[in-house]
Amino acid sequence: MYNGPLRLFHLSDIHFGLVDQQAIDWAKACIDREMPHAVAITGDLTMRARHPEFQAACEWIQGLDVPVTVEVGNHDIPYFNLYQRFFDPYRRFKAIERMVETQLDLPNLAIVPLRTTTRAQYQRFPWSNGWVTDHALKQTLAQIDALPEGTRVLVTCHHPLPERRADGKLLTINGTRTMEVLAGRKVMAVLSGHIHDPFDLTEQTPAGPLRMIGAGTLSKRIRSTPPSFNEIVIDGDQIRVTARNLEKVPTPAMQIDEVPENALPPREPGEPVSPVGKVPPVDPPVH
Ligand SMILES: [Fe+2]
Ligand SMILES: [Fe+2]
């Protein structure tokens, strides 16, 4: 079995409908040229979950010639068609069905999905933030527990798992417990998206530390960083993360030091902004 370092490209929030064409062309060229062992896409493929957006997303993803796993983001479940939102939310993913929420098995490493996007939340409105339901967590833990002893594990999800902001605001429901059980399972890192800026943080839990890696966006919904994706190298029990971007901003200047609530500009005063600090005042319009 291959024993060397594994290279993974972690993409997120491509948001077809408001995609940055130059950025995705560049990301695709990097994948074609460098052939990473796998590509993990942590959700928000589209802007409004509309058919043409999904068609473009599915075509782009089907054109990747490496193993791919795709998470579902809050922008990817039907927004206008409420019947479909509740009864058949994944129908528009048909073309890439086998990649959605799929476990990838690489040499001595498994990438295990965790669902954080829900159709509705009785706890609050709107429903754009995450919720790890008991059912979703159980499913992920069952997959982890079924792995051969000693397999390294990465977990992929759309929403970062921290449950509360410093001021107490509710972020991902059930995130605290989820982080603790994943730390207890010795998960190497949790990969997520949603906030459009990269980060690489370690959360301390009662069961030990848990590394949380966030990817930026490849859309025009730029937050405080230029479009980017993460290159993640897993070498033994070490992980190295590079936030690659066309503007060649060094990784430390790309990463924020705290997880904000979401990507919506303008970010509230006091919320984290990356050192490179490119904050557009408003989101560009969606057509
Ligand atoms: Fe997003
Ligand atoms: Fe999102």
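Visitor: Which residue just after α5 takes a positive phi?
Guide: This is a predicted model, so keep in mind that we're reading a computed structure. Go to the end of helix α5 and look just past it. The phi there is about 60°, and the residue is Lys186.

Visitor: Which residues of α5 are buried, and how do they sit around the helix?
Guide: A residue is called buried here if 20 or more other C-beta atoms lie within 10 Å of its own. In α5 that picks out Gly175, Thr178, Met179, Leu182 and Ala183. Looking down the axis of α5, the buried ones fall within an arc of 130°, so they line one face.

Visitor: What do those buried residues of α5 pack against?
Guide: Helix α5, residues 175–184, packs on the sheet, and its direction makes about 110° with that of β9. Its buried residues meet one helix and several strands. Those partners are α4, β6, β7, β8 and β9.

Visitor: In what order do the strands of the open sheet come, and which stand at the edges?
Guide: The sheet has 6 strands with mixed pairing, in the order β4-β5-β6-β7-β9-β8. A strand at the edge has a single partner, so one side of it is left without a neighbour in the sheet. That's the case for β4 (104–106) and β8 (199–205).

Visitor: Which residue of β9 is the bridge partner of Leu191?
Guide: Start with the strand pair: β7 (residues 189–192) and β9 (residues 208–214) run parallel, with 3 bridges between them. Now follow Leu191 across to β9. Its bridge partner there is Ile213.

Visitor: Which residues of the largest nonpolar core touch the most other members?
Guide: This core holds 56 residues. Take Val187 as an example: leaving out residues up to four places away in sequence, Val187 touches Val153, Val155, Leu182 and Leu210. The members with the most contacts inside the core are Leu11, Val155, Val187 and Val190.

Visitor: How many residues are in the second, separate core?
Guide: Look for Ile195, Ile256, Val259 and Ala263, which are among its members. The count for this second core is 5 residues.

Visitor: Which residue in the turn between β10 and β11 has a positive phi?
Guide: Strands β10 (residues 228–235) and β11 (residues 238–245) run antiparallel, joined by 8 bridges. Ser228 stands opposite Asn245, for instance. The two strands form a hairpin with 2 residues between them, and the one with a positive phi, about 65°, is Gly236.

Key:
Residues are numbered from 1 along each chain as its sequence is written. Chains are lettered from A and ligands numbered from 1 in the order in which they are written. This is a predicted model: local features need pLDDT of at least 70, side-chain atom pairs count only at pLDDT 80 or more; totals for chains, interfaces and linings use all residues. Two strands pair if DSSP finds at least two bridges between them. Helices (H or I, at least four residues) and strands (E, at least two) are DSSP runs, numbered from the N terminus. Two residues are in contact if their C-beta atoms, placed from the backbone, lie within 7 Å. Axes are lines fitted to C-alpha atoms, for helices over the stretch in contact, and angles run from 0 to 180 degrees between N-to-C directions. A nonpolar core is a set of buried Ala, Val, Leu, Ile, Met, Phe, Trp, Tyr and Cys residues joined through C-beta atoms within 7 Å. A residue is buried if 20 or more other C-beta atoms lie within 10 Å of its own, exposed if 12 or fewer, and partly exposed in between; C-beta atoms are placed from the backbone. The arc is that of the directions from the helix axis to the C-beta atoms.
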